[in-house]
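Here's a quick briefing to read with the model open beside you. Have a look at the two chains, then work through the notes below.

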Amino acid sequence: MSEQDTSLPAIARAAAIPPLLALIALTLVIWALTGAGSLWPMWPAWAFLVIIAVRGVRIWGRRSDQPGARVPAAYAAVGVIALTALWGMSGGGYFWPVWPMLGIVIALSVASMIGRSGTAELEVRVDELTRTRAGAVDVQASELRRIERDLHDGAQARLVALSMQLGRAEDRLAGKGADDADLKLVREARLEATAAIAELRDLARGISPPVLADRGLEAAVQSLADRTGSQVTVNAEIDQRPPPAVENAAYFVVAEALTNAAKHSPGASVRVTIWRDHEELGIVVADDGLGGADPTGSGLTGLRQRVEALDGWLEVRSPAGEGTTVRAILPCG
Amino acid sequence: MTEAESTPAAIRAVIVEDHALLREGLVALLTENGIEVVATAEDGPGLLRIVAGHKPDLAICDVRLPPTFSDEGIKAALEARRRLPSLALLVLSQYVEPAYSGELLASGESGVGYLLKERVSEVRTFIDAVRRVAAGGTALDREVVGSLMRERQGTLPGNAIETLTARERETIELIAQGRTNAAIARELVVTLGAVEKHISNIFQKLDLPATDDDHRRVLAVLAYLRATGG
């Protein structure tokens with residue numbers, strides 16, 4: 001017998017029923033020996049039976065994973081039966097147990113209402129958490145776009161102005177026949193500024209590609225396809241723009257899948273399909289390459305986390321020799 | 001536009017740029033190089049207003065403009081050209097987006113340029129590009145060209161682009177940027193004869209009819225790049 005055993009014999013043993021039954025038998029023997037007058041042993045027997053029932057319920061409640069409401073109901077049943085028995089034993093008449101029974105019923109309903117309101121509270125809380133998390137993810141996505149924009153229009157614009165001034169200085173120095181060392185100094189400063197601009201641009205694109213914010217997912221994915229070495233066809237049906245967080249996640253799913261395809265199956269042709277129905281955005285990126293991609297690799301794991309943060313799911317199928325298919329569904333609620 | 005071609009110094013340009021430092025820098029840069037800046041503006045409606053008012057030869061315009069800082073520069077430039085078809089457009093951008101270059105190229109017959117903003121720091125090359133666009137030519141950023149080339153690579157019949165040598169590839173990218181043979185020779189530090197040989201090889205490998213006309217040559221290359229894309 002395991003500890004979780006909830007069979008009747010196990011509970012009976014644990015509730016020490018045999019010794020109590022032996023006690024009842026003993027009182028009956030005493031009653032018979034003392035002349036079998038009025039049946040007084042029914043009173044201790046009643047008490048023992050109530051004790052047995054209460055202990056049984058307690059042990060049953062502890063061992064089984066019964067929903068909380070069933071244990072109080074079992075106690076209530078014990079109470080009702082015990083009271084009815086008491087009423088019968090004391091000769092019937094006016095059915096007084098109706099009042100304590102009424103009390104038990106009221107207590108049970110109140111308890112179950114409190115229990116239910118606890119569940120309802122949990123549901124409200126889950127709703128609230130889901131909503132606030134979606135809100136946080138949306139805010140984060142908009143923030144990232146703002147940062148990207150600030151990089152472009154703030155730091156990068158200043159660097160462009162700086163490089164332009166250096167360019168003009170270089171041009172003027174050259175016009176005045178300045179010596180090569182001076183010219184070289186200015187040229188190197190200009191090239192440094194230009195390199196910084198390029199780095200900033202790559203950084204900004206990694207955060208949130210401008211074309212995604214400006215033109216939406218289809219244009220951004222088309223642009224990705226254009227930049228990839230592989231042959232990519234894009235089929236997109238997106239009637240209504242999804243929230244920024246969903247667009248970002250979808251964009252990076254396609255970007256990572258295309259990067260993987262180009263890296264592991266160069267020359268493979270890739271088909272990108274994106275659709276939006278009322279509540280969700282679906283993405284499929286399938287290539288006809290070598291397959292055998294590792295779904296637990298860092299890139300795909302990162303993608304899965306990104307998608308799951310939006311309550312979506314991502315699946316990678318990559319049987320060796322049969323190409324790789326990345327599927328994702330993102331709720332747009 | 002014939003007037004601008006014969007006397008390049010007479011180019012009348014307008015500039016649309018919301019960043020004051022850049023706007024003033026551009027005005028100074030162009031003026032120093034004999035290009036007249038007749039007006040400047042800070043946003044799309046401003047561009048339409050000054051184009052209507054001054055009928056310039058060329059509009060140099062930033063892609064991102066207030067109020068939304070997305071792509072209203074492109075939209076405003078295309079709208080300005082619809083209203084004044086002779087207007088040459090030189091769009092400057094913080095990033096290159098092949099889709100935008102496609103829209104610009106498809107927008108008409110006058111000059112078109114699409115350059116990364118930092119190209120303004122290479123003064124000589126930039127001024128050359130401005131003059132070329134004002135004269136009805138093309139100036140595409142080498143990043144745009146590179147991206148178009150990569151895009152077409154997979155779809156070319158028999159991977160014709162792959163058969164190009166490294167030198168020929170550099171040459172076709174410069175052609176697509178709108179450079180003249182002389183400019184290409186300077187850039188690659190080779191003789192004019194070598195450039196001509198590269199170009200005839202390229203046209204042969206890509207099965208393109210060669211012509212003497214720089215502008216038509218660029219359009220032919222671009223038309224080819226676009227035609228093989230779909």
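Is the crossing of α8(A) and α9(A) right-handed or left-handed? The crossing of these two helices is right-handed (a crossing is left-handed if the near helix is turned anticlockwise from the far one by less than a right angle, and right-handed if clockwise). Before going further, bear in mind that this is a predicted model, where local features need pLDDT of at least 70 and side-chain atom pairs count only at pLDDT 80 or more, while totals for chains, interfaces and linings use all residues. Residues are numbered from 1 along each chain as its sequence is written, and chains are lettered from A and ligands numbered from 1 in the order in which they are written.

**The two chains**

- Chain A has 10 helices and five strands (helices are DSSP runs of H or I with at least four residues, strands are runs of E with at least two, and both are numbered from the N terminus).
- In chain B you'll find 11 helices and six strands.
- Of the 333 residues in chain A, 25% are buried, and for the 230 residues of chain B the figure is 46% (buried takes 20 or more other C-beta atoms within 10 Å of a residue's own, exposed means 12 or fewer, partly exposed is in between, and C-beta atoms are placed from the backbone).
- Take the contacts between residues at least 6 apart in sequence: 68% of those in chain A join residues at least 24 apart, and in chain B 64% do (a contact means C-beta atoms, placed from the backbone, within 7 Å).

**Where A meets B**

- The contact draws on 32 residues from chain A and 27 residues from chain B.
- On the chain A side, α5 (98-175), α6 (180-207), α7 (210-215) and α8 (217-227) each supply at least two residues.
- The largest share of that side, 14 residues, comes from α5(A).
- By class, the chain A side splits into 10 nonpolar, 11 polar and 11 charged residues (Ala, Val, Leu, Ile, Met, Phe, Trp, Tyr, Cys and Pro count as nonpolar, Asp, Glu, Lys and Arg as charged, and the others, Gly among them, as polar).

**Helix pairs**

- α8(A) packs against α9 (residues 244-264) of chain A at an angle of about 15 degrees, with the axes 10 Å apart (axes are lines fitted to C-alpha atoms, for helices over the stretch in contact, and angles run from 0 to 180 degrees between N-to-C directions).
- That makes α8(A) and α9(A) roughly parallel to each other (angles under 35 degrees count as roughly parallel, over 145 as roughly antiparallel, 65 to 115 as roughly perpendicular and the rest as oblique).
- A:Leu217, A:Ala220, A:Val221 and A:Leu224 of α8(A) make this contact with a set from α9(A) that includes A:Glu247, A:Ala250 and A:Tyr251.
- The α8(A)–α9(A) contact has nine nonpolar residues, no polar ones and one charged.
- In chain B, α3 (residues 44-54) and α4 (residues 72-83) pack at about 25 degrees with their axes 9 Å apart, so they too are roughly parallel to each other.
- The crossing of α3(B) and α4(B) is right-handed.
- Residues meeting there include B:Leu47 and B:Val51 from α3(B) and B:Lys75 and B:Ala80 from α4(B).
- By class, the α3(B)–α4(B) contact has six nonpolar, one polar and four charged residues.

**Nonpolar cores**

- The largest nonpolar core has 68 residues, and B:Ala59, B:Leu90 and B:Val91 touch the most other members (a core is a set of buried Ala, Val, Leu, Ile, Met, Phe, Trp, Tyr and Cys residues joined through C-beta atoms within 7 Å).
- α5(A) gives the most to this core, with seven residues.
- Leaving out residues up to four places away in sequence, B:Ala59 touches partners including B:Val14, B:Leu47, B:Val51 and B:Ala80.
- Another core, of 39 residues, lies apart from it, and A:Val211, A:Ala250, A:Ala261 and A:Leu314 are among its members.

**Spots to click on**

- B:Ile184 is in α9 (residues 181-188) of chain B and is buried, with 23 other C-beta atoms within 10 Å.
- B:Ile184 and B:Val195 are 11 residues apart in sequence and 7.1 Å apart in space, C-alpha to C-alpha.
- B:Val189 sits in the loop between α9 and α10 (192-205) of chain B, has a positive phi near 55 degrees, and is exposed with 7 other C-beta atoms within 10 Å.
- The peptide bond from B:Pro66 to B:Pro67 is cis, with omega near 5 degrees.

Definitions and conventions: Two residues are in contact if their C-beta atoms, placed from the backbone, lie within 7 Å.
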